[in-house]
Amino acid sequence: MTMNVLAPSYADVSSRRAILAEELQRLSPDVLALQEVTREDAEVLERSGWHVLPHPRWSAEGVGAVLAARRPFGRTVSDTLEVTERTVHTDWCGVLAAELPLPEPSGTVLVVHHKPSWPYGWERERELQALATARLVESVMAERSLPHAVLLGDFDATPQAASLRFLQGLQSLDGLSVCFQDAWSTVHPGEPGPTFSSANPLVRQGDMPEAADRRIDYIMIRCGPHGPTLRITSCRRILAGPVNGVYASDHYGLVADLSLPDHTPGQWRSPHQQPNLDHLPADPG
């Protein structure tokens with residue numbers, strides 16, 4: 001799960017955080033990436049049993065991002081993504097990658113929380129930050145021989161932006177190409193699925209009151225030579241409407257369910273292996 005939960009200085013934070021806590025209890029995600037949180041928010045998560053890792057940069061007001069999981073993390077690596085002089089003005093951007101050991105046959109998953117610079121006209125920074133994150137991921141994956149990587153967070157760019165085209169394998173940047181499969185577009189092809197919407201009153205009340213609907217929050221699966229190494233079985237927006245008249249944030253959250261494929265990508269399935277058809281729609285006949 002990923003969600004930008006809107007800093008406490010905006011709107012009714014006590015009501016909003018209560019709604020978020022209830023949703024987390026209901027969904028019980030295994031991995032959680034939150035943006036616009038405080039150190040106090042992180043402490044609340046820890047007291048609730050989460051293993052919490054802070055992002056490498058925090059604002060002077062104490063706002064930043066965290067990566068959390070139900071299981072203990074292994075080795076971590078981070079980058080402040082200070083790619084140009086302008087990034088001093090987005091002082092809590094950064095990337096955090098953490099190894100998450102899981103029981104076999106899953107193995108260790110590299111979970112990567114990416115948060116680039118947010119201003120509308122700074123796609124140049126977001127391109128360079130996407131490059132830095134991709135290089136970090138590829139370096140760790142090669143060094144540690146890890147089977148899977150999941151990239152998630154508030155990327156502050158739409159799927160058509162160069163930074164997202166690069167991450168989705170639709171173009172190269174600076175001589176490098178990678179490919180991450182976007183969970184939303186995999187499950188909902190052709191559906192816009194905005195996560196920052198003018199229909200949300202907190203958007204209209206906030207710093208970007210004239211913002212058009214945008215999908216800027218993502219969960220993505222790293223692809224090997226033969227495609228994604230994990231199956232995306234579902235992906236949905238959460239807290240995309242009011243709860244008792246209160247919106248939890250100006251962003252909507254995103255949750256994806258992931259599982260192992262029927263057989264290892266790059267290997268022809270043996271006739272003795274039976275495919276798992278549970279993810280297919282029922283026969284309408």
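Tutor: Begin with the elements: helices (H or I, at least four residues) and strands (E, at least two) are DSSP runs, numbered from the N terminus. Here, helix 2 is followed by G49, whose phi is positive, near 100°. This is a predicted model, in which local features need pLDDT of at least 70 and side-chain atom pairs count only at pLDDT 80 or more, while totals for chains, interfaces and linings use all residues. Residues are numbered from 1 along each chain as its sequence is written, and side-chain values use heavy atoms, with hydrogens and water left out.

Student: Which residues of helix 2 are buried, and which are exposed?

Tutor: Buried means under 20% relative accessible area, exposed over 50% and partly exposed in between (1.4 Å probe, protein chains only). In helix 2 (residues 39-47), D41, A42 and L45 are buried. These buried residues fall within an arc of 100° (taken from the directions from the helix axis to the C-beta atoms), so they line one face of the helix. On the other side, E40 and R47 are exposed.

Student: Where is R70 placed?

Tutor: R70 belongs to the loop between strand 4 (63-69) and strand 5 (76-79). Because its relative accessibility is 31%, R70 counts as partly exposed.

Student: Over the face of which ring does R70 lie?

Tutor: A charge sits over a ring if NZ of Lys or CZ of Arg is within 6 Å of the ring centre and within 35 degrees of the ring normal. R70 lies over the face of W50, at 3.8 Å from the ring centre; R39 lies over that of W58, at 4.0 Å.
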